[in-house]
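This report goes through one protein model, from its backbone to its charged side chains.

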Amino acid sequence: MGFRSGRGGAAAVVFPGTLVQQWQVLQVCVAHGCAIIMQAAKTGLTEGSCPSGDDYDRPVVIISVTRIKGIVPILGGTQVIALPGATLHELEQVLAPLGRVPHSVIGSTSIGATIIGGVANNAGGALCKRGSSYTELACFARVNKDGVLELVDQLGLRDVGDTPEAILSCLDAGRLSPSMVEPSDKAASDRDYERRIRDVEASVPNRYNADPLRLCDVSGSAGKVAAFAVRLDTYPAPKRKAVFYAGTNTPSNLVDLRRRMLTQMRHLPDMCEVMDRGVFDVAARFGKDVFLSIKHLGTQRLPRAYALKAKAEYWMNKLPWLPKYLPDIALYHASRLFRQHLPPRLLQYRDRFEYHLIVVCSDEGIEETRQLLDQHWMPLSDTEYFLCDQVEQEAALLHRFAAAGAAIRYQNLHQRTTEDVLALDVALLGSDDRWSESLPKEVTDQLEISLRYGHFLCHVFHYDYIFKRGTDIDAVKKQLLARLSERGAKYPAEHNVGHLYDADETLRSHYESLDPTNTFNPGIGGMSKLGK
């Protein structure tokens, strides 16, 4: 089963414990003509890490890499080499004593998202300065056009051996001396991102999954190869951090502020998140347990808690006399027993303003952001902002995180009257001012709720729609995507195509070049499931 949706059968699910075992499992699967689905933490939202139905022409084997942990800092901590089961949360912990932070921070970090999963899916996250997960330095296996499994090692390491087993054994051991690491001119992150995000008149969105400049081997592979390790940049940890919370009732005020930030500021904000009152309300009610879990359990315990919840949900969903997603329902009702969890000033802004902007800044960018808000935001008639104290800062960011799962929780509690969530992640043109565009009446008549929130500076938005029972979701989805295409938008922006979107020609060519025999993850992007 997928994280949100999607399911299918498999002949076997294998959990190798080392890279050498992973290679051996791949050898067996290729020798017997199996379709292979590589699976990490399975936090993707588009069904790309699970089988899709039971109409494959070969036995399907799922290889889960979650047991293969390992993160090795190199070059004084300015880069790391990460094995396939290592998570972003673990990377944060490894880097903290070194005064460094990861290449990427995404919403699913707290629920165990893996580093390699992010690279394979071009996961973007919320950061304004670092862009999508990307590297040109990786070690992976592919099946060539002759049907032969081969190892491709581009990590830039010396003296690791000449055979796949020797190379992988060295990586398994995790003992890489400084003399073994070769400096490389190849990119280990999206180095060009800040320049692209500042181009507010670009003819294409500044980040989206099918961007041909961000497709390279494991990067953007969506499981069409079997990744063993990736090499990634890290960044200096900021010395100071501040969060500004701004509100307005006029969307054009936000459009103007965004343009000023991107074109006038020397130091961009670290994050810049937008949501409207509807998202605020639904997250406050249906994301409360997520908020409280992170606040009181802490991010260190949260991945384990989510894993236990997923296991309980899996078994309970097998019982036809129980409502589906019972743990979610129980957590929602339990959260209602707790007092109001949002600080007074956030609730006051909810009552006064339709649109809310959360701006996270660090170091030199703090004062620069304050000056911009004072000069160009406060003079407007229906706008205001405040600098968050420590409690408000934590609450604002947790509330925004909780918004990402609020639609799913709402649907779980209204299963009898609504269809499944239609979730779109869309990259708009940097010049497109209609981020808050109204939907046509034939769509709104069928809507139960509509949630729109996103990463405002890079113009990547998440649109979560819940429609009334009986709505033709596929027809509505085609209508909504057609409207977005007319505006030059790209989709999906950061969750990859999975089995919910059709891959465009660029992405199809990338997948076919990586996997000419269609051995790995067949069927994604609306492509064929048949072997070649």
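Helices (H or I, at least four residues) and strands (E, at least two) are DSSP runs, numbered from the N terminus. This is a predicted model, in which local features need pLDDT of at least 70, side-chain atom pairs count only at pLDDT 80 or more, and totals for chains, interfaces and linings use all residues. Residues are numbered from 1 along each chain as its sequence is written, and side-chain values use heavy atoms, with hydrogens and water left out.

**Backbone**

P492 sits in the loop between α15 (473–486) and α16 (505–514). The peptide bond that joins Y491 and P492 is cis, with omega about -10 degrees. D217, in the loop between α5 (193–197) and β9 (226–233), is not a glycine but has a positive phi, near 55 degrees. D363 also has a positive phi, of about 50 degrees, without being a glycine.

D363 belongs to the loop between β13 (355–362) and α12 (364–376). Is D363 buried or exposed? Buried means under 20% relative accessible area, exposed over 50%, and partly exposed in between (1.4 Å probe, protein chains only). D363 has a relative accessible area of 18%, so D363 is buried.

A salt bridge is a side-chain nitrogen of Lys or Arg within 4 Å of a carboxyl oxygen of Asp or Glu. D363 has none; R240, the nearest side chain of opposite charge, is 4.7 Å away. For this search Lys and Arg count as positive and Asp and Glu as negative, while His and the chain ends are not counted. A polar atom of the D363 side chain does lie 2.8 Å from the backbone nitrogen of R240. This is a polar contact (a pair of N or O atoms within 3.5 Å; within protein, one must be able to donate a hydrogen and the other to accept it, and residues adjacent in sequence count only if both atoms are side-chain atoms).

**Cores and helix α16**

A nonpolar core is a set of buried Ala, Val, Leu, Ile, Met, Phe, Trp, Tyr and Cys residues joined through side-chain atoms within 4.5 Å. The largest one has 60 residues, of which L357, L424, W435 and Y465 touch the most other members. Apart from it lies another core, of 38 residues, including V25, L26, I74 and A141.

In α16, the residues L507, H510, Y511 and L514 are buried. They are on the same side of α16, because they cover an arc of only 95 degrees around the axis. The arc is that of the directions from the helix axis to the C-beta atoms. Among the elements covering the buried residues of α16 is β7 (138–143), where contact means heavy atoms within 4.5 Å.

**Salt bridges**

Side chains of opposite charge can pair when their charged atoms come close. The model has 27 salt bridges. The table gives three of them.

| Pair | N to O distance |
|---|---|
| D57 and R58 | 2.8 Å |
| D515 and K224 | 3.0 Å |
| D289 and R409 | 2.3 Å |

D515 lies in the segment after α16 and K224 in the loop between α5 and β9, so this pair ties together parts that are 291 residues apart in sequence. Both D515 and K224 are buried. D289 and R409 are buried as well. D190, R196 and R214 are linked in a network of salt bridges.
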